[in-house]
Amino acid sequence: MPELPEVETVMRGLHARLQNRRIVSFVQRRPDLRFPLPPGLAGRLTGRVCHGFRRRAKYILVDLRGGPEAQTLILHLGMSGRLSFDGAPAGAHEHLTFGFDDGTVLRFVDPRRFGMLDLVPTAASATHRWLAHLGLEPLAPGFDGPALARLLAGRLQPVKTAIMDQRLVVGVGNIYASESLHRAGVSPRRLAANVGPGRAAALSAAIVEVLEQAITAGGSSLRDYVRADGQLGNFQSFFRVYDRAGEPCGRCGGAVVKLVQGGRATYFCGRCQR
Ligand SMILES: [Zn+2]
């Protein structure tokens, strides 16, 4: 599944290619993805100009102008969705095709069809039912030690489980949670309530660092995900603990161990993460 860094990378790729481009054609080949697509999409999209590109958690928001009311296209790649520019038609899994005024073609390809798309007035986008419940955005201003400490206070669950809860913090997937906790020297088994201000400061900084490093590397998905420009990301080479069970910790030389928490694999160093 595409993670936050991949989605950020895709959003930036869309921005670079589509800023101020007008949609001149839209082909929809099925009535639904994960949910039914909104009615009349072709008519509502054609003629609109892509004006702004945003990301909230793993949703891409494209603000459209050129009609009576500003609209925002909300897109989620789901499990296997990807966007690709130009090239040949992608066959049976190409569900949506956008054409732009400079000849650019954007294809939405999604074999498993867990992708999501909606079109809403821009003024209502922040309170959309897919977005309204989401927690802090780690790459936005205001995500720091005190903010994270407030979220974790009183929570009787492991800190790794808490930072992966989208209602608290968005976009910290399993890999990024393990990597962030290692860099911060915090045990994934520590109770969230016992993290405290010092560890919260280190952990919030580590989450930002890991996500930004992954974005720089172009995203890290282990599966069939490609960037908007078709290139695979290579964040895997930055992993310090994830999928490295039995290898020495790069910081203290202790052994990286694996455990299962809430059904998800966790990798950490039992010596230097407390
Ligand atoms: Zn260690």
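The crossing of H1 and H6 is right-handed, a label used when the near helix is turned clockwise from the far one by less than a right angle, left-handed being the anticlockwise case. The model is predicted: local features need pLDDT of at least 70, side-chain atom pairs count only at pLDDT 80 or more, and totals for chains, interfaces and linings use all residues. Residues are numbered from 1 along each chain as its sequence is written.

On names: helices are DSSP runs of H or I with at least four residues, strands are runs of E with at least two, and both are numbered from the N terminus.

Back to the helix pair. H1 covers residues 4–18 and H6 covers residues 196–217; they pack at an angle of about 45°, with axes 8 Å apart. That makes H1 oblique to H6. Under 35 degrees would count as roughly parallel, over 145 as roughly antiparallel, 65 to 115 as roughly perpendicular, and the rest is oblique. Axes here are lines fitted to C-alpha atoms, for helices over the stretch in contact, and angles run from 0 to 180 degrees between N-to-C directions.

Which residues in H1 and H6 meet? From H1 they are Leu4, Pro5, Glu8 and Thr9; from H6, Leu211, Ala214 and Ile215. Contact requires C-beta atoms, placed from the backbone, within 7 Å. By class, this contact has five nonpolar residues, one polar and one charged. Nonpolar covers Ala, Val, Leu, Ile, Met, Phe, Trp, Tyr, Cys and Pro; charged covers Asp, Glu, Lys and Arg; the others, Gly among them, are polar.

H6 also packs with H3, residues 145–152: the axes come within 8 Å and cross at roughly 115°. This crossing of H3 and H6 is right-handed. Gly145, Leu148, Ala149 and Leu152 of H3 meet Pro197, Ala200, Ala201, Leu203 and Ser204 of H6. That contact has seven nonpolar residues, two polar and no charged ones.

Now the sheet. It is open, with four strands in the order S1-S6-S7-S5 and antiparallel pairing. At the edges are S1 (23–28) and S5 (82–85), each pairing on one side only. Neighbouring strands are turned by 15° against each other on average, direction ignored. Pairing needs at least two DSSP bridges between two strands. S5 and S7 (residues 105–109) have four, in the antiparallel sense. Leu83 has Phe108 in S7 as its bridge partner.

Last, the domains. The chain is divided into domain 1 (4–127) and domain 2 (145–269), with bounds from an automatic or database domain assignment. Their C-alpha centres lie 30 Å apart.

Technical notes:
Two residues are in contact if their C-beta atoms, placed from the backbone, lie within 7 Å.
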